[in-house]
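User: I would like to learn how to read the faces of a helix and the pairing of aromatic rings in a model. Could you take me through both, with the general idea before the case?

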Amino acid sequence: MPEERRARLTPDERRAQLIATGVNFLADHPLDELTMDVLAQRAGVSRPLLFHYFDTRQGMHLAVVTMARDSLLRASEPRDDLEPRDRIRDTLLRITEFVRQHQSTFHSLVRGIASGDPAVRRVVDESRDLNAQRLIDAFTELGTPDTPALRVAMRSWVAFTEETLLSLVIDRDEDPEQVVRFLEGTLDGVVAATGALQLS
């Protein structure tokens, strides 16, 4: 009986497969090392095929970073069935676990793209803005006024959290519960400080 032919991938499926291969590359390498040649070799496809799907190396990087960012956002999406305090803690625990399981990918997202293309940086900045908004939503539910000071504080605290996760989870492998308690304490302190600051 002849061997059953493998089903051909649709263009969208093929593109998603290539992007996933690029995200997997981030597990061991910084984004800057991901070239068209490297991805073609890893995916077992021709270099011209990659240009068909991504046009440029920049386009490929943008697609890979977007998928990696979306994975982080899905892993940390707040649970609507929880009260605000529990929601924040649950989200922090899931982010910490994501970082533990995808250390190099998270490192590439936070630090590896620092000198990259503006469009790539913008993708990562969008995730920071969304995470800051999630915090703002939770604290306004708790009665904290939605002020310019709170918005600045939450955006800054998200960046602080990224550095904390890199240092304590990736570099030092600290206990996730302790890391989350530390983050909760700093978050409360930052929010409390916004009450004393009046920004126009």
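**Helix faces and an aromatic pair**

Analyst: Before we start, please keep in mind that this is a predicted model.

User: Which residues of helix α3 are buried, and where do they fall when seen down the axis of α3?

Analyst: The general idea is that an α-helix has 3.6 residues a turn, so residues three or four places apart point the same way. In this case, helix α3 spans residues 47-54, and its buried residues are L50, Y53 and F54. Viewed down the axis of α3, these buried residues lie within an arc of 80°, so they line one face of the helix. On the other side of α3, by contrast, P48 and H52 are exposed.

User: What follows α3?

Analyst: The residue after α3 is D55, and its phi is positive, near 70°.

User: How many aromatic pairs does a search of the whole structure find, and how should I read the ring geometry?

Analyst: Planes under 30 degrees apart count as stacked, over 60 as edge-to-face and the rest as tilted. The search of the whole structure gives 1 aromatic pair. The ring centres of F160 and F182 are 6.1 Å apart and the planes stand at 50°, so this pair is tilted. Because F160 belongs to helix α8 (residues 148-171) and F182 to helix α9 (residues 176-194), the pair ties together parts that are 22 residues apart in sequence.

User: What is the relative accessibility of F160, and what is the relative accessible area of F182?

Analyst: F160 has 33% relative accessibility and therefore counts as partly exposed, while F182, with a relative accessible area of 39%, is partly exposed.

Key
Residues numbered from 1 in each chain as written. Predicted model: local features only at pLDDT ≥ 70, side-chain atom pairs only at ≥ 80, totals over all residues. Heavy atoms only, no water. Buried < 20%, exposed > 50% of the residue type's maximum accessible area, 1.4 Å probe, protein only. Helix = DSSP H or I, 4+ residues; strand = E, 2+ residues; numbered from the N terminus. Arc of directions from axis to C-beta. Phe/Tyr/Trp six-rings, centres within 6.5 Å; stacked < 30°, edge-to-face > 60°.
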